[in-house]
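Here are my notes for your review. Please read them with the model open.

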Amino acid sequence: MWTIFGQDHLLKRLEPSLKQRRQSHAYLLSGPSHVGKMALATNMCQAVNCLDGFGEPCGSCTQCTRIAQGHHSDIRILAPGQGEEGRSAKTMIGINEIKEALRRVHLNPYEGSTSVVIIDGAESMSDDGANALLKTLEEPPPQVMFLLLTANEDAVLPTVRSRCQTMILVPLPKDKMIERLVTDHQATPELAEQLFRLSRGCLGWAIGALENSQVLEQRQADLEKIKETLDAGLETRFTYANEVASLFGTDRDAAKDLLALWLRWWRDLLLIKEGAEEFLHNSDHADSLRNQASGLSTAEIVQFINRLMQTLSNLDSNVSPRLAMEVLMLNLPIEAGQV
Ligand SMILES: [Zn+2]
């Protein structure tokens with residue numbers, strides 16, 4: 001049974017080839033953060049190794065169970081911020097890690113029928129690492145599947161992309177997500193609606209927020225900082241830039257989520273300028289948004305949104321996080337009336 005939810009368009013495509021054991025050697029799973037890329041990847045690992053399922057994971061055989069528990073020795077996950085003696089400031093998947101994974105896939109699977117290499121954050125591969133992978137993708141060994149996960153498909157080397165079957169994961173529509181959160185996760189309809197708005201249809205984020213109250217608390221704290229930074233002088237802004245850069249070194253996904261929150265905040269400021277308040281993402285902060293919007297021109301807001309998008313793209317291209325954040329903070333407008 002597939003546990004991934006809301007991606008039926010992909011399962012329809014996958015099932016026939018899985019049934020015939022003729023799946024592709026490499027897939028690119030593309031979609032926004034928390035949309036379910038790792039959940040689908042896990043299901044695919046199960047489907048190709050399952051002892052009982054027929055084109056889909058049974059969910060209960062030893063293979064499916066060990067994969068779900070993260071114990072299967074033929075499934076290898078590469079991600080930034082992991083490996084290489086646990087050093088923290090690692091924002092890239094380096095050549096050594098990729099070479100080590102490639103060396104292993106040339107051996108026979110140890111406990112299952114198919115080895116899988118999951119590259120979580122495929123846009124974060126170093127250029128030499130991506131080129132090493134490319135060579136293997138061009139002549140893949142049998143019984144191996146590569147799953148490349150990315151929230152920024154354009155930042156993945158085009159030659160690598162062209163060797164993969166692309167599967168685009170989509171956020172859930174409102175009614176489906178609310179139904180799922182209410183029936184399977186015991187959320188009240190009001191909370192489910194709020195989580196839909198905050199998660200923008202990405203179920204993983206909504207479930208995370210339901211299971212851990214710190215997620216919503218962290219969002220509030222992050223929004224307070226975003227608000228304060230606009231009112232602050234350059235010194236405070238630089239301190240903040242360093243905090244985010246450090247976060248980037250220890251938890252790349254959390255740092256990118258934080259910048260995505262910045263982006264939504266600034267898009268909300270623009271919506272207020274355009275008189276479209278009903279579409280606000282952070283509608284629980286409408287007063288603060290109105291207040292800040294009144295001190296900024298539309299041109300300033302648009303320019304800063306462009307800067308934010310450029311920063312996110314630069315970070316995916318492995319620009320120094322500290323430099324990228326400092327440049328961003330230098331471009332943060334100064335509110336009218338502020339000295
Ligand atoms: Zn199974």
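**Notes on the sheet and helix packing**

1. Strand β1, residues 26–30, pairs with β5 in the parallel sense, over four bridges. In this pair, Leu28 stands opposite Thr166 of β5. Bear in mind that the model is predicted.

2. Now the whole sheet. It is open and has five strands, in the order β2-β3-β4-β1-β5. The pairing is parallel. At the edges are β2 (75–78) and β5 (165–168), and each of these pairs on one side only. From one strand to the next, the twist averages 20°.

3. Next, a helix on the sheet. Helix α2, residues 37–49, lies across β1, β2, β3 (115–120) and β4 (144–150). Relative to β4, α2 runs at about 170°.

4. Then a helix pair. Helix α10 (residues 214–231) packs with helix α12 (residues 252–273) at an angle of about 60°. Their axes are 10 Å apart. The angle is why α10 counts as oblique to α12. The crossing of α10 and α12 is right-handed.

5. Which residues of α10 and α12 make the contact? From α10 come Asp222, Leu223 and Ile226. From α12 come Leu258, Leu261, Trp262 and Trp265. By class, the residues of this contact between α10 and α12 are six nonpolar, one charged and no polar.

How values were computed. Residues numbered from 1 in each chain as written. Predicted model: local features only at pLDDT ≥ 70, side-chain atom pairs only at ≥ 80, totals over all residues. Axes fitted to C-alpha atoms, helices over the stretch in contact; angles between N-to-C directions. Helix = DSSP H or I, 4+ residues; strand = E, 2+ residues; numbered from the N terminus. Parallel < 35°, antiparallel > 145°, perpendicular 65-115°, else oblique. Left-handed = near helix turned anticlockwise from the far one by under 90°. Contact = placed C-beta atoms within 7 Å. Nonpolar A, V, L, I, M, F, W, Y, C, P; charged D, E, K, R; others polar. Pairing = 2+ DSSP bridges.
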